[in-house]
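Please keep the structure open while reading.

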Amino acid sequence: MKHFKYLSFTDLLVFIVPIALVLPNVCICLFGSMSAEECAALLLLPFGFYLGLMTLSANTPRTTVSLFPMMFIGAFQIVVSYLYLDGSPIGVDMFLNVWTTNLTEVDELLRSILLPVVIVVLLYLPLTVAAAISWHRHQRAVSSFLRRWRYVALAVGASGMAACTYCIVTKPVYEVHTNLFPVNAFYNLKEALVRQFRMDHYRSNSENFRYRATSTHQAGKELYIAVIGETSRADNWQILGYDRRTTPLLSSYGDRIIAYKNVFSESNTTHKSVTMLLNTLSSEDYNKGIYSHKSIITAFNEAGFNTSFFSIQRANHSMVETYSKEAQTVKYIAGNHGMPAMDEKVLPMVDSVMADRSSDKKLIVLHLYGSHYDYADRYPSKFAVFKPDRHQQANVKHKHALINAYDNTIVYTDYVLSELISRLQSVGYSAALIYTSDHGEDIFDDARGKFLHASPKPTYWQLHVPLLVYMNSAYTDANPALRANALNNRPKLISSSRSYAQTLLHLAGIATPYAHDAQSLLSANLKSIGTLHYLTDINESADLMEWGFGDNDKLKFKQLLSNEQH
């Protein structure tokens with residue numbers, strides 16, 4: 001031990017840096033369900049590699065500074081582990097979310113997870129700064145000291161390699177690029193860059209795509225409003241059975257609003273879910289077609305409709321923004337002082353389109369901000385029905401205030417939707433509205449303590465979403481069978497990702513080879529989906545019951561279906 005008494009800072013970096021860099025691996029082991037040999041590979045191989053790197057040069061401060069990208073990825077992984085409380089690595093979608101999330105949302109999220117952010121900043125930033133100062137002063141480690149620890153690094157790395165090889169040989173599903181951090185993180189980063197490249201070239205790849213769409217309805221005025229909410233989960237909607245008065249206005253319509261309880265999204269991320277809602281693709285053919293198929297807005301254009309897209313969300317370089325540009329009128333509505341606008345700001349835009357007499361056939365797509373965290377910032381104060389609705393940090397101790405604020409966002413959505421419906425009621429021609437949310441949200445619902453959405457493996461609450469259809473009296477009088485079918489389909493298990501676009505096309509009477517009426521909520525042939533599909537981080541369609549849902553999620557799902565059957 002006496003040798004350690006004389007170690008300089010440059011010598012100590014040989015140990016400090018590998019320990020700091022392997023902390024994300026420790027978090028993955030603690031939160032993940034891993035075998036002893038998987039943990040051994042995850043800890044020993046990277047630690048041996050980092051230790052070996054630190055012994056290659058006497059200029060250990062320079063090596064430390066050069067490893068800052070690894071520290072950044074490690075910090076990201078620690079925050080992800082804290083946020084989702086599982087052993088999942090930084091996923092492809094998480095990297096894309098960093099690219100497509102606006103600064104206001106980033107600020108709101110960071111404030112909700114302040115503790116882990118502060119910890120990783122204090123862990124990595126002072127270490128990097130101190131190393132940079134030492135490098136500037138030309139300080140070096142002792143070469144003989146480095147040589148001794150180089151052998152230790154080889155031994156530790158070899159042990160990790162042996163454990164990794166054992167896992168590869170004995171575990172069919174074990175792969176280095178998916179199971180070993182940080183290899184998996186950098187692999188996913190590469191995949192995210194590839195996807196972004198494909199998104200950036202969407203226009204050229206989809207240039208020749210055609211829906212070959214025509215309108216089958218007789219000449220005359222018609223209006224369709226497609227509303228996509230944000231982060232709204234079905235369990236908190238009064239009209240779907242929630243025991244709080246969160247949708248008093250919509251509930252007052254009775255059967256005039258057709259509400260569907262058993263609806264699940266096939267993604268828990270906005271950039272994937274919304275693109276499926278606005279396309280005829282599902283999770284099973286998403287990766288094959290998403291970068292070459294245009295949205296159904298183009299189908300409406302081809303069928304002679306005037307199309308508009310109004311969004312409370314900010315343009316963010318995602319496929320959703322690309323789809324929005326297919327509409328003839330596009331507007332992203334900004335708020336004040338860097339905050340998002342309130343959802344009711346879309347109402348004057350809708351009024352303007354309705355007053356325009358240049359076209360008889362109109363489609364309006366509305367992308368709301370809905371119930372996106374921070375919940376208390378999503379509604380005017382007069383909609384704060386449930387109190388207290390303010391909290392300092394998003395943790396389980398403030399769950400009551402979080403639920404109150406979240407429920408208030410539903411109250412506000414109830415108001416916005418009822419305002420839209422009242423406009424459709426007053427017109428003397430066929431009009432209809434369809435609403436769903438992109439995904440749901442976790443709010444510390446069970447012992448797992450999960451919060452927010454977009455986790456690598458989704459939960460019941462992240463995917464169970466509301467879906468509503470409204471047809472005004474003029475539309476119902478002209479299409480009584482469609483309304484009857486829509487009512488009969490209410491108990492069925494539905495994928496919003498498959499049925500939303502198909503229902504919208506069916507409502508508008510648009511014929512196209514890409515329309516499948518059997519997936520429409522208005523179809524007499526609609527069947528409950530046999531499998532709950534989910535679009536994974538690597539864009540593969542998985543069976544939620546086999547791949548994603550945990551025991552708590554399966555129980556909630558079975559309870560939902562059981563309640564409907566009775």
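The model is predicted.

**Aromatic rings**

A pair of aromatic rings is described by the distance of the centres and the angle of the planes. The count comes to 27 aromatic pairs. Two of the pairs are set out below.

| Ring pair | Centre to centre | Angle between planes | Class |
|---|---|---|---|
| Phenylalanine 209 and tyrosine 211 | 5.0 Å | 90° | edge-to-face |
| Phenylalanine 300 and phenylalanine 305 | 5.0 Å | 75° | edge-to-face |

Why is the pair of phenylalanine 300 and phenylalanine 305 edge-to-face? The planes stand at 75°, and the class applies because angles over 60 degrees count as edge-to-face.

Phenylalanine 300 and phenylalanine 305 are both buried.

Ring pairs also build a cluster. Its members are Tyr373, Tyr375, Tyr406, Phe444 and Phe451.

**Charges over rings**

Tyrosine 406, one of the cluster members, also has a charged neighbour: arginine 233 lies over the face of its ring, 5.8 Å from the ring centre.

**A helix pair**

Two packed helices are described by the angle between their axes and the distance between the axes. Helix α1 covers residues 9–31, and helix α4 covers residues 68–84. Their axes come within 9 Å and cross at roughly 25°. Angles under 35 degrees count as roughly parallel, so α1 and α4 are roughly parallel to each other. The crossing is left-handed.

Which residues make the contact? On α1 they are Val17, Leu21, Leu23, Pro24, Cys27, Ile28 and Phe31. On α4 they are Met70, Met71, Gly74, Gln77, Ile78 and Ser81.

**Alanine 501**

Alanine 501 lies in helix α22, which spans residues 496–508. Its relative accessible area is 0%. Buried means under 20%, so alanine 501 is buried.

What does alanine 501 touch, leaving out residues up to four places away in sequence? The contacts are Leu277, Asn279 and Ile296.

Key
Residues numbered from 1 in each chain as written. Predicted model: local features only at pLDDT ≥ 70, side-chain atom pairs only at ≥ 80, totals over all residues. Heavy atoms only, no water. Phe/Tyr/Trp six-rings, centres within 6.5 Å; stacked < 30°, edge-to-face > 60°. Buried < 20%, exposed > 50% of the residue type's maximum accessible area, 1.4 Å probe, protein only. Lys NZ or Arg CZ within 6 Å of the ring centre and 35° of its normal. Axes fitted to C-alpha atoms, helices over the stretch in contact; angles between N-to-C directions. Helix = DSSP H or I, 4+ residues; strand = E, 2+ residues; numbered from the N terminus. Parallel < 35°, antiparallel > 145°, perpendicular 65-115°, else oblique. Left-handed = near helix turned anticlockwise from the far one by under 90°. Contact = heavy atoms within 4.5 Å.
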